[in-house]
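Please look over the structure shown here before reading on. The numbered points below are meant to be followed residue by residue.

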Amino acid sequence: MTTPEDPGVFVQISRPEGALEADICTKTPEAGPKNPEERPKKLRRLHPAWAVAAVAFLALVGAAGFRAAPGVLMVPLQQEFGWSTTVLSSAVSINLVLFGLTAPFAAALMERFGIRAVTAVALGLIGAGSALTVLVNQSWQILLTWGLLIGLGTGSMALVFAATIANTWFTKSRGLVIGILTAGSAAGQLVFLPFIAMLAQDPGWRQASLLIAAGALAVVPLVLKFLKNSPADVGALPYGADEPAADAKTEAAPAGAANRSAGSGEALEPRRNAAVRALQVLKRASRVRTFWALAAGFAICGATTNGLIGTHFIPSAHDHGMPETTAAGLLAVVGIFDILGTIASGWLTDRFNPRILLAVYYQFRGIGLLVLPLLLGSSVQPSMIVFVVIYGLDWVATVPPTAAICRQVFGADGSVVFGWVFAAHQLGAAAAALAAGAIRDATGHYTYAWLGAAAMCTIAAVISATIRKDAGRRKPAAVAVASVD
């Protein structure tokens, strides 16, 4: 208070709700300048969310080296050890299953222990699995390295990682960010694939495996230094959040902090076991029809990308007399256009109905697979270039709209739900990788695998089109249903 003898400045002290227990008092700030030009210039600096996104992109590039490896290394391993296509396809299938099933638990672990710690451990597992591959001399050992170690590592660095970064650090431009981060995997394929192919030819596949290990481990220091767990770690709000409203706090909830499902009104326990959290989210999501539509479509997506093209395109091209380095170069071109297509898909997802985008993507992919058997030959024809461009643009363009629907329908559970949807993606990829290998051993060619995949894409397009048009606009009701135990 003030007196006539001792005039001073009256300062109002306010005690926010809940501050009594924490013994916290805060000073009510003075009103800022009304003229926008008088605002501090530091508010115009690059938001830290973009720096985190850049490091996350590099981490995905480093983790993507193995995704390009099986198709290139399969033939050299067969020539050295005499293993069948089915045996090597089994190792890839184990990898893809763990790649998928690890994803939802990794999302929960990131909430529990932080994005940085989980990412660093995942990159370490990928590096260890790739390096130990040079010591294998029996088929069960390739199941351990390619399958178990790299499967767990890549699963923790799966596309759910991109969704977690976008949902934690951004409230605006999420679709674009997911598109850019998803393109990191394509960029990894683009960076590693030509070198892996050359090393596999001379001096050999072991040096190619060591290159993959080096690529994964090289990113770990950057992750530990610059990949922050949440905006709260740097005293910021998510990108696009104007004020620390309740919704913004939910979006930016740091690892280990209580999360709140939109519309449910129930806070999750801050120290809940990650496995329990993932399973409980699955229980809630499984009661919503949209979850099953997304999972079915994404299973077919995985079957027609990682499972078939990613694993068997190079061996199939080799069957038609095409050199492995040439086929690897074609997959690298797929990676180039994958980057463009995924970023464009993220931009489109921010502006158009994601279910329509999914239906279009799947149908175009099916058309490409239908004509692929007619395009394969000993040399690269212009029609093959057209296929590579179209398939590249469509490769993982499905990710931004799928992640957007998960977020719209399931609120704060969206990242973990996307993890389960991605698990379906990888289960489909594993089944397709194994089935295509068996078809090749039984018939001597991959034709039936390509045609079957084309038919599945049409099914995925129909499933995606049946997702309710108002799924996003009815978010409160949908989440309320999904949140009932």
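How many residues does helix α17 have, and how far does helix α17 reach from its first C-alpha to its last?

1. Helix α17 (residues 382-394) has 13 residues and reaches 19 Å from its first C-alpha to its last, which is close to the 18 Å expected at 1.5 Å a residue. Helices here are DSSP runs of H or I with at least four residues, numbered from the N terminus, and the expected span is 1.5 Å times one less than the number of residues in the helix.

2. On the basis for these values, the model is a predicted one, in which local features need pLDDT of at least 70 and side-chain atom pairs count only at pLDDT 80 or more, while totals for chains, interfaces and linings use all residues. Residues are numbered from 1 along each chain as its sequence is written, and side-chain values use heavy atoms, with hydrogens and water left out.

3. The buried residues of α17 are M384, F387, V388, Y391, G392 and D394, where buried means under 20% relative accessible area, exposed over 50% and partly exposed in between, with a 1.4 Å probe and protein chains only. Seen down the axis of α17, these buried residues fall within an arc of 160°, so they line one face of the helix; the arc is that of the directions from the helix axis to the C-beta atoms. They pack against α13 (289-307), α14 (309-319), α15 (324-349) and α16 (354-375), contact being heavy atoms within 4.5 Å.

4. L369 lies in helix α16 and is buried, with a relative accessible area of 0%. Leaving aside residues up to four places away in sequence, L369 touches T304, I309, F387, Y391, W450, A453, A454 and C457. L369 and A455 are 86 residues apart in sequence, yet their C-alpha atoms are 8.9 Å apart in space.

5. The largest nonpolar core has 121 residues, of which L73, I309 and F313 touch the most other members; helix α19 (residues 414-443) gives the most to this core, with 12 residues. A nonpolar core is a set of buried Ala, Val, Leu, Ile, Met, Phe, Trp, Tyr and Cys residues joined through side-chain atoms within 4.5 Å. Again not counting residues up to four places away in sequence, L73 touches W146, I196, A200, W205, A208 and S209.

6. The structure holds 10 aromatic pairs, and one of them is formed by W50 and Y239, edge-to-face at 5.2 Å centre to centre with 70° between the planes. W50 lies in helix α2 (residues 48-63) and Y239 in the loop between α10 (220-226) and α11 (246-251), so the pair ties together parts that are 189 residues apart in sequence. F170 and Y239 also form an edge-to-face pair, at 5.8 Å centre to centre and 65° between the planes. Rings of Phe, Tyr and Trp (its six-membered ring) pair if their centres lie within 6.5 Å, with planes under 30 degrees apart counted as stacked, over 60 as edge-to-face and the rest as tilted.

7. Ring pairs link W50, F170 and Y239 into a cluster. Within it, F170 is buried, with a relative accessible area of 0%, whereas W50 is partly exposed at 24% and Y239 is partly exposed at 21%.

Methods. Helix = DSSP H or I, 4+ residues; strand = E, 2+ residues; numbered from the N terminus.
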